[in-house]
Amino acid sequence: MCYAALPFSFVVRADGRLNKCTVALDDERNQVGRLAPDGSLHLDQDRLRPWLVDNALTDTGCQSCALRPACQGAACPLDRMNTGERPCPDAKRDFKAYLPLLLAGRQEVSVTQ
Ligand code: SF4
């Protein structure tokens with residue numbers, strides 16, 4: 001799941017603008033609010049909503065997907081907004097190649113704990 005889809009995750013620009021995505025910095029849809037000098041957040045709910053919508057609740061493909069617990073249909077909200085298609089991550093497209101990597105990472109974590 002992309003951090004842009006998390007409700008508490010924002011990019012704070014040097015001029016106080018707030019973005020969700022760290023890639024589409026000049027995209028108008030990504031200008032979701034402003035951080036005021038007094039520290040208050042001014043959010044544009046209409047701009048914010050498309051980044052946070054839970055697509056897995058309405059997308060029947062996501063509902064039957066084994067990766068849904070990790071992805072929630074939000075691997076890339078920008079991709080979904082741009083194409084209207086499911087933004088499946090590489091792990092979904094080539095799961096056989098990713099599975100050994102995931103297992104290796106899990107073993108490393110359990111060794112270091
Ligand atoms: S991997 Fe694709 S189908 Fe599965 S939850 Fe993510 S976007 Fe939906």
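What percentage of the 113 residues in the protein do buried residues make up?

Guide: Buried residues come to 30% of the 113, where buried means under 20% relative accessible area, exposed over 50%, and partly exposed anything in between (1.4 Å probe, protein chains only). Bear in mind that this is a predicted model, so local features need pLDDT of at least 70 and side-chain atom pairs count only at pLDDT 80 or more, while totals for chains, interfaces and linings use all residues. Residues are numbered from 1 along each chain as its sequence is written, and side-chain values use heavy atoms, with hydrogens and water left out.

As for the overall form, the radius of gyration, taken over C-alpha atoms, is 17 Å, whereas a compact globule of 113 residues would be near 13 Å; that globule rule is 2.2 Å times the number of residues to the power 0.38. The C-alpha atoms fill a box of roughly 45 × 40 × 20 Å along the principal axes.

Now the cysteines. A disulfide is a covalent bond between the sulfur atoms of two cysteines; here it has to be a pair of cysteine sulfur atoms within 2.5 Å. Searching the whole structure turns up 0 of them. Take Cys 76: its closest cysteine sulfur belongs to Cys 2, and because the gap is 5.9 Å, that's too far for a bond.
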